[in-house]
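Reader: I have a model open on my screen and would like to work through its fold with you, step by step. Could you take my questions in turn?

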Amino acid sequence: MDFDFQGIATQFVTHYYTTFDTDRKALAGLYRENSMLTFESTQALGTANIAEKLTNLPFQKVKHHFDTADAQPTATGGIVILVTGQLLVDEEANPLKFSQAFQLVQDPQGQWFVFNDIFKLVFG
């Protein structure tokens, strides 16, 4: 591979969760009109629908901590990332475990964006 896919993935994941925890509306810039989010089995297509879904989640405060961010290059020059971690919402004392998968691709200007995003809470 002629690019540092693990380094890009680590930078992306750190930026994504920092932004999610401080200003969810700003995540819209990481998606494009052909991006898709599946959040707990509910799908949203396109920047506006994804931003609406993320900003209307039923909590005010959230803090993510990711434990792992494993990455691989794709056959088409993108990056697939699988994240595992924990999050705290509002005043809850017990963290919830989550898993999230991203596929990053580059736009014609060479900017990385989220093409696919799948989020799932892990219970049990």
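Reader: Which residues do ring pairs link into a cluster?

Author: Since this is a predicted model, what follows describes computed geometry. By the ring-pair rule the count comes to 11 aromatic pairs. Ring pairs join nine named residues into a cluster, namely Phe-12, Tyr-16, Tyr-17, Phe-20, Phe-39, Phe-66, Phe-98, Phe-102 and Phe-119.

Reader: Is the aromatic pair of Phe-12 and Phe-102 stacked, tilted or edge-to-face?

Author: The ring centres of Phe-12 and Phe-102 lie 4.9 Å apart, and a pair needs centres within 6.5 Å. Their planes stand at 80 degrees to each other, and because planes over 60 degrees apart fall in that class, the pair of Phe-12 and Phe-102 is edge-to-face.

Reader: How many residues apart are Phe-12 and Phe-102, and which elements hold them?

Author: The pair links distant parts of the chain, with Phe-12 in helix H1 (residues 5-22) and Phe-102 in strand E5 (residues 96-106). Phe-12 is buried at a relative accessible area of 10%, and Phe-102 is likewise buried at 1%.

Reader: Why does the pair of Tyr-16 and Phe-20 count as tilted?

Author: Tyr-16 and Phe-20 are four residues apart in helix H1, which means that about one helical turn separates them. Tyr-16 is buried at 1% relative accessibility, and Phe-20 is buried at 5%. Their ring centres are 6.0 Å apart and the planes meet at 45 degrees, so the pair is tilted.

Reader: In what order do the strands of the sheet lie, and which are the edge strands?

Author: Six strands form an open sheet with mixed pairing, in the order E2-E1-E6-E5-E4-E3. Each edge strand pairs on one side only, and these are strand E2 (42-45) and strand E3 (62-73).

Reader: Which residue in E5 is the bridge partner of Gly-85?

Author: Strand E4 (residues 79-89) and E5 run antiparallel and are joined by nine bridges. For Gly-85, the bridge partner in E5 is Phe-98.

Reader: Which strands does H1 lie across, and at about what angle does it run to E3?

Author: Helix H1 lies across strand E1 (31-39), E3, E4, E5 and strand E6 (112-122). Helix H2 (residues 47-55) also packs on the sheet, where it touches E1 and E2 and makes about 40 degrees with the direction of E1. For H1 against E3, the angle is about 160 degrees.

Note on methods:
Residues are numbered from 1 along each chain as its sequence is written. This is a predicted model: local features need pLDDT of at least 70, side-chain atom pairs count only at pLDDT 80 or more; totals for chains, interfaces and linings use all residues. Side-chain values use heavy atoms; hydrogens and water are left out. Rings of Phe, Tyr and Trp (its six-membered ring) pair if their centres lie within 6.5 Å; planes under 30 degrees apart count as stacked, over 60 as edge-to-face and the rest as tilted. Helices (H or I, at least four residues) and strands (E, at least two) are DSSP runs, numbered from the N terminus. Buried means under 20% relative accessible area, exposed over 50%, partly exposed in between (1.4 Å probe, protein chains only). Two strands pair if DSSP finds at least two bridges between them. Contact means heavy atoms within 4.5 Å. Axes are lines fitted to C-alpha atoms, for helices over the stretch in contact, and angles run from 0 to 180 degrees between N-to-C directions.
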